[in-house]
Amino acid sequence: MQITVVTLFPELVRAVMHSGMPRVAESQGAMALATVNPRDFAQDRHRTVDDRPFGGGPGMLLKPETLAAAIRAAKAENSEAAVWLLSPQGVRLDRDLVAAVATQPGLILVCGRYEGVDQRVVDALVDQEVSIGDYVLSGGELGAMVLIDAVVRRLPGVLGDAESVVQDSFETARLDHPHYTRPECWEDRAVPAVLLGGNHRVIEAWRAGQRGLNTARHRPDLFYGQGLDDRARAELTAAWAPEALWQTNEP
Ligand code: ADE
């Protein structure tokens, strides 16, 4: 997948995106990341990219000429890509949107700055506005990086274990189960005994129970979405009686 980020801060995007999972994706050829800087299209001596809003008001807007030239340059390089503007008024980014865009050949992410961008550029060149939450960031870069990180994990072959995406929270409308590593006892807190028993069937039942419990506690909207269905009842049973399961189930 080809991802082009239109940003006044390419070094910021590159520094973060060229580490961790995006770097793995790039080295495997699953993702190619490029940046385009509107400042490179400025014609004046000061390389101006912003201006005051007509009608008054605080802050500065990204000027249409330089931003549009940058987006058009991005489109020329990444011709099959949709153009998304990171903006607090966009559709909320969620699992479904991430999953859908991860199947596309390309994506152009436009990062606004200052008070926003000239509306005519949005009307002319942007396919969709996307928000990462109901709060205002000082620019779209962090939003673009969140989006890229979430998309890249879903590209084929990027996660080592093919099951990992399936196990991620939200794939099955359940949050994750808790995880424990050594030591078995830390500051008087013991690892749940069921995890030490070696019975993988029971461990998986317990984990499913914990996923249900976690979801009921933290996201009741997800857990009770369809009422208290059979799956939710089974999870709650497994969460509350893992030792009983452990003792009664065959290995
Ligand atoms: N730019 C400013 N605020 C934003 C938000 N909440 N999501 C995405 N981009 C933004």
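Mentor: β5, α4 and β6 form a right-handed β-α-β unit. Right-handed means that, with the strands pointing away from the viewer, the path from the first strand over the helix to the second runs clockwise. The helices (H or I, at least four residues) and strands (E, at least two) are DSSP runs, numbered from the N terminus. This is a predicted model, where local features need pLDDT of at least 70, side-chain atom pairs count only at pLDDT 80 or more, and totals for chains, interfaces and linings use all residues. Residues are numbered from 1 along each chain as its sequence is written, and side-chain values use heavy atoms, with hydrogens and water left out.

Take the pairing next. Strands pair if DSSP finds at least two bridges between them. β5 and β6 (residues 106–111) are parallel, with 5 bridges. Val 83 has Ile 108 of β6 as its bridge partner. β5 also runs parallel to β8, again over 5 bridges. There, Leu 85 is bridged to Glu 129 of β8.

Now Ser 87. This residue lies in strand β5. Ser 87 counts as buried because its relative accessibility is 12%; buried means under 20% relative accessible area, exposed over 50%, partly exposed in between (1.4 Å probe, protein chains only). Beyond its neighbours within four places in sequence, Ser 87 is in contact with Glu 129, Val 130 and Ser 131. Contact means heavy atoms within 4.5 Å.

On to the open space. The largest pocket has a volume of about 460 Å³. Its lining has 25 residues, and the closest to the centre are Leu 86, Ser 87, Pro 88, Glu 115 and Gly 116. A pocket is an open set of points on a 1 Å grid over the protein atoms alone, where a 1.4 Å probe fits, with protein on both sides within 12 Å along at least five of seven lines; lining residues have an atom within 4 Å of a point. Points are joined across faces, edges and corners, and the volume is the space filled by probe spheres set on them.

β5 (82–92), β7 (116–117), α5 (119–125) and β8 (128–131) each give two or more residues to the lining of the largest pocket. β5 gives the most, 5 residues. By class, this lining has 11 nonpolar, 11 polar and 3 charged residues. Here Ala, Val, Leu, Ile, Met, Phe, Trp, Tyr, Cys and Pro count as nonpolar, Asp, Glu, Lys and Arg as charged, and the others, Gly among them, as polar.
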